[in-house]
Amino acid sequence: MDRSLRKGIYILPSLFTCGNISCGYLSIVASLKGNFTQAAWFLIFAIAFDMTDGRIARLTKTSSEFGVQLDSLSDLISFGVAPSIMMYQLVLNSMGKVGLAIAVLFVVCSALRLAKFNVQSKEGIVHSSFVGLPTPASAGLLISFVLSYELFIASPGQDLTFKTIPILMKSMPIFFKVMPITVVILSLLMVSNVTYLSFKKMDLSKPKAFRLLVLIIILLFLIITFPQNVIFILFSLYVISGILFTGAKYYRTFKQKNKFKKGE
């Protein structure tokens, strides 16, 4: 391949990563101004950029150590610092020093999670699962909560652009109250050994993936119909799925050990 062309291909995934960084920074500015809906949507775009840059690098075979490090720095800004500031401005600032400590904890755990991932990625293996909650997923839950909550506190009689799920919207005050605890749990999950499914090896070209394709189409329809609420539900289910999967795995191991002891 021509050297100049190859340099151009290396630039392509980096441009998407820079888009991620830009969205993260714009989100911070919006949060400081109190525009939380705008801040959350900037981070949704950051997630889209983050999902795209890695896939482009793998498809064009332009993965590099530089790209890995740049991606981690962008993720720390967009999925560590930006959501932490957003939650501090919206929820945690009323708790004084405790709220500030929770916000800092989220950033620190995000940095630790990304550093751990960098060390593991040097092996060059794409794993079918993540050890610890990925930073985009932890940020995604907070982002989607903000989007739904902002709809809940919309002025009475205000025309909403998007449809909402009534039961979920009625529960928003409860979610708001438990959000400080949720941020702590998300922080700890990022640095835990809880296993989460990775979608990097998903191959929709195989015949057995047809059902999965149908499921994705249904999910897209629901997201288009109830965007903020469905995104919040999906991220919540993903966070819970890791806890349930890991809990079930330890339970099976415990049962097997008990059977072995009884056999003795």
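A residue counts as buried when its relative accessible area is under 20%, as exposed when that area is over 50%, and as partly exposed in between. The exercises below apply to a predicted model.

**Exercise 1.** Classify Tyr149 and Phe176 as buried, partly exposed or exposed, and describe the ring pair they form.

Solution.
- Step 1. Tyr149 has a relative accessible area of 12%, so Tyr149 is buried.
- Step 2. The value for Phe176 is 23%, so Phe176 is partly exposed.
- Step 3. A pair of aromatic rings is described by the distance of the centres and the angle of the planes.
- Step 4. For Tyr149 and Phe176 the centres are 4.8 Å apart with 20° between the planes, and the pair is stacked.
- Step 5. Tyr149 lies in helix 5 and Phe176 in helix 7, 27 residues apart, and the pair links distant parts of the chain.
- Step 6. Ring pairs also join Tyr149 and Phe176 into a cluster with Phe145, Phe152, Phe175 and Phe232.

**Exercise 2.** State how many residues the largest nonpolar core has and which helix gives the most to this core.

Solution.
- Step 1. The largest nonpolar core has 46 residues; Met86, Ile143 and Val146 are among those with the most contacts inside it.
- Step 2. Helix 5 gives the most to this core, with nine residues.
- Step 3. Met86 touches residues including Phe36, Leu43, Ile143 and Val146.

**Exercise 3.** Decide whether Phe221 is buried or exposed, and name the surface patch residues around this side chain.

Solution.
- Step 1. Phe221 is placed in helix 8, residues 210–225.
- Step 2. The relative accessibility of Phe221 is 56%, so Phe221 counts as exposed.
- Step 3. Phe221 forms a nonpolar surface patch with Phe210, Leu213, Val214, Ile217, Ile218 and Leu222, and together they have about 650 Å² of accessible area.

Note on methods:
Residues are numbered from 1 along each chain as its sequence is written. This is a predicted model: local features need pLDDT of at least 70, side-chain atom pairs count only at pLDDT 80 or more; totals for chains, interfaces and linings use all residues. Side-chain values use heavy atoms; hydrogens and water are left out. Patches are made of residues with over 30% relative accessible area and no salt bridge: like charges are joined within 9 Å, nonpolar side chains (Val, Leu, Ile, Met, Phe, Trp, Tyr) within 5 Å. Accessible areas come from the Shrake-Rupley method with a 1.4 Å probe; for residues, only the protein chains shown count as cover. A salt bridge is a side-chain nitrogen of Lys or Arg within 4 Å of a carboxyl oxygen of Asp or Glu. Helices (H or I, at least four residues) and strands (E, at least two) are DSSP runs, numbered from the N terminus. Buried means under 20% relative accessible area, exposed over 50%, partly exposed in between (1.4 Å probe, protein chains only). A nonpolar core is a set of buried Ala, Val, Leu, Ile, Met, Phe, Trp, Tyr and Cys residues joined through side-chain atoms within 4.5 Å. Contact means heavy atoms within 4.5 Å. Rings of Phe, Tyr and Trp (its six-membered ring) pair if their centres lie within 6.5 Å; planes under 30 degrees apart count as stacked, over 60 as edge-to-face and the rest as tilted. Lists of a residue's contacts leave out its neighbours within four places in sequence.
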